2 protein chains.
Amino acid sequence: MDLAQGVLGGDRRAVARAISLVERQQPAERDAARELLCALYPHTGQAHLVGVTGSPGTGKSTLVNQLARFYRQSSPHREHSARVGIIAVDPSSPFSGGALLGDRVRMRDAAADPGVFVRSMATRGAEGGLAHATFDAAQILDAAGYEVIFVETVGAGQDEVAIARSSHTTLVVEAPGLGDEVQAIKAGLMEIADIFVVNKADRQDADQAVRAIEMMLEGSAASDFHNCGLGGIIWGVPVCKTVALDGTGIPGLVAHIESHRAYLQQSGRLRDRELRRAGAELETLLQRELFSRFLSRLEPGKLESMVSSIASRDLAPYEALKELLGS
Amino acid sequence: MDLAQGVLGGDRRAVARAISLVERQQPAERDAARELLCALYPHTGQAHLVGVTGSPGTGKSTLVNQLARFYRQSSPHREHSARVGIIAVDPSSPFSGGALLGDRVRMRDAAADPGVFVRSMATRGAEGGLAHATFDAAQILDAAGYEVIFVETVGAGQDEVAIARSSHTTLVVEAPGLGDEVQAIKAGLMEIADIFVVNKADRQDADQAVRAIEMMLEGSAASDFHNCGLGGIIWGVPVCKTVALDGTGIPGLVAHIESHRAYLQQSGRLRDRELRRAGAELETLLQRELFSRFLSRLEPGKLESMVSSIASRDLAPYEALKELLGS
């Protein structure tokens, strides 16, 4: 298959076409997309997947851009300069394309380097569609030989957590002074963080933010969970300070990412993460496929008439469920 | 059924027990929960559902608290003081309970009033579980006679959009100076906003935020969409300034909510919203139920062994899907 060969050979245009194919999720292209992903799959598993998540306004895009540059220019922890893939999950919709222009302009720096592949994925379609397309895109970049792949998401929705669960190393990015509601988000992301980053650390309340996170880590069950490495090898979640705009703290953060990678390999937890990723991906695929097959078997107009009866209060949603599926 | 009668009679303890029942999502209680919801359903449809969403740090909880107080103390647009329900969708997890204490303390003010029912829902379980439990809780409050129900969510994930889609009126809350990444969120929420709120409007860059939103509204397809009311009745998305901490702008915001309610009724779009709600709810239920029934029919260990083969790259995810479901 031509496209698969192009991807495996690292051809950028083939990679771009492959990602577009899986992202479009067109019924007519379904078989082609699945065939491609099946052909690539045995060649995946080489890349280190780094999830980057956190609240809006924390400077994640700039941070990822700087991390990519650092991995390109100097990879002190690897034998050669790593090829870097970036998948930016875009919460905007097709209606409002272009709103992320600011982010993409900041990314241009990294994108001009042929060793970096940047792709933005938009939220679309049914529930789980975004997580699904992101899994597929990461596999394509992995098969194409990108060795470090950053997946950047915004927020703390189910999709974001699913995407973080499918990473090897998850960075949770905070910024000082975003208000106390941010604490809630931090709590939601506590279990998935392998490394905390306090970005914009040149602000005066940065140390306060670091201490707040450290206190939460000490007090939380999550920290116990993270600390129970196998074979006596233990991972304590570090809290790093960075100023992504001028690159401060980036080398230290890369050192933490690389030491988390080494920890996963040496402790045997890499296999756990791979199982978690595989489980998350299969579950997402199954949910979508079961629903779309069910819809295609339904008599035309059936669902619409039930929705109308529910809206009129003539039928309860659970009664409709029983009628459609049996009790 | 006792519990249903208690809810319909407006008994607070019955309402609390009913919401706990649907929130727990325990298999052993499944039938009882569904029976309850079916019994209540014919008595729903009276409440006005107001979704409140936006980025962290925008002060949504304080705003909802103030809106609830205003509806209680003076409902100039209604014949009597409205009973108010508040569902706060909590992005934190069972592991880190308590992180939202700050919010809940701010809510206490409203919660001490017997005409207000406040409930916090936590993210849990499978995809769509949160949206699902939130739909159910809103139905219980509706059946119990709460006339205005606020559903407060954080972020712009699929779940949050699903919850907003199931509201009659959706407020998107912003605050000045949260950085330009917030623009991206705003773009994602543009289509679902019926009313924009710039909270913390005592900050100096508030007018700038208002103008930015107004420009986006003018330029976007979303504004055309919102403006195509039926029968010549048109809804232009307003941008309101509030200072939730001291109550500034709350009466004006309530006037907009009530005029959106009148618009929905007079334009015939209320029926569209009800159909959209019913559709979103049935879809969520079907997806969850199809998946859980599929899992229960599977031979024990089958999924685990496939996940293991996927993690080892012996089996592609789409090959597993084919094996499980046929092509």
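## Helix 14 of chain A against helix 12 of chain B

Helix 14 of chain A crosses helix 12 of chain B in a right-handed sense. Handedness here has a simple rule: a crossing is left-handed if the near helix is turned anticlockwise from the far one by less than a right angle, and right-handed if clockwise. Helices are DSSP runs of H or I with at least four residues, strands are runs of E with at least two, and both are numbered from the N terminus. On the side of helix 14 of chain A, the contact (heavy atoms within 4.5 Å) uses Pro317(A), Tyr318(A), Ala320(A), Leu321(A), Leu324(A) and Leu325(A). Helix 12 of chain B answers with Glu281(B), Leu282(B), Leu285(B), Leu286(B), Glu289(B), Leu290(B) and Arg293(B). By class, the contact of these two helices has 10 nonpolar, no polar and 3 charged residues. For these classes, Ala, Val, Leu, Ile, Met, Phe, Trp, Tyr, Cys and Pro count as nonpolar, Asp, Glu, Lys and Arg as charged, and the others, Gly among them, as polar.

As for geometry, helix 14 (residues 317-325) of chain A and helix 12 (residues 269-297) of chain B pack at about 45 degrees, and their axes are 10 Å apart. That angle makes helix 14 of chain A oblique to helix 12 of chain B. Axes are lines fitted to C-alpha atoms, for helices over the stretch in contact, and angles run from 0 to 180 degrees between N-to-C directions. Angles under 35 degrees count as roughly parallel, over 145 as roughly antiparallel, 65 to 115 as roughly perpendicular and the rest as oblique.

## How the model is read

This is a predicted model, in which local features need pLDDT of at least 70, side-chain atom pairs count only at pLDDT 80 or more, and totals for chains, interfaces and linings use all residues. Residues are numbered from 1 along each chain as its sequence is written, chains are lettered from A and ligands numbered from 1 in the order in which they are written, and side-chain values use heavy atoms, with hydrogens and water left out.

Tyr318(A), Glu319(A) and Leu321(A) of helix 14 of chain A meet Arg34(B), Leu37(B) and Cys38(B) of helix 3 of chain B. The contact of these two helices has 4 nonpolar, no polar and 2 charged residues.

Within chain A, helix 2 (residues 12-24) and helix 3 (residues 30-40) pack at an angle of about 125 degrees, with their axes 9 Å apart. Helix 2 and helix 3 of chain A are therefore oblique to each other, and their crossing is left-handed. Ala18(A), Leu21(A) and Val22(A) of helix 2 touch Ala32(A), Ala33(A), Leu36(A) and Leu37(A) of helix 3. What classes do the residues of this contact of helix 2 with helix 3 of chain A divide into? They are 7 nonpolar, no polar and no charged.

## Buried and exposed

Chain A has 14 helices and 7 strands. Of its 327 residues, 60% count as buried; buried means under 20% relative accessible area, exposed over 50%, and partly exposed in between (1.4 Å probe, protein chains only). Among contacts in chain A between residues at least 6 apart in sequence, 78% join residues at least 24 apart.

Leu67(A) sits in helix 4 of chain A and is buried, at 0% relative accessible area. Not counting residues up to four places away in sequence, Leu67(A) touches Phe150(A), Leu171(A), Ile250(A), Leu253(A), Val254(A) and Ile257(A). Val64(A) is in helix 4 (residues 60-73) of chain A too, and is buried at 0% relative accessibility. By contrast, Arg13(A) in helix 2 of chain A is exposed, with a relative accessible area of 70%.

## Two positive phi values

Lys200(B), in the loop between strand 6 (195-198) and helix 9 (206-219) of chain B, has phi near 55 degrees, a positive value in a residue other than glycine. Lys200(B) counts as partly exposed, at 23% relative accessibility. Arg313(B) has phi near 65 degrees, again positive in a residue other than glycine. Arg313(B) lies in the loop between helix 13 (302-311) and helix 14 (317-325) of chain B and counts as buried, at 14% relative accessibility.
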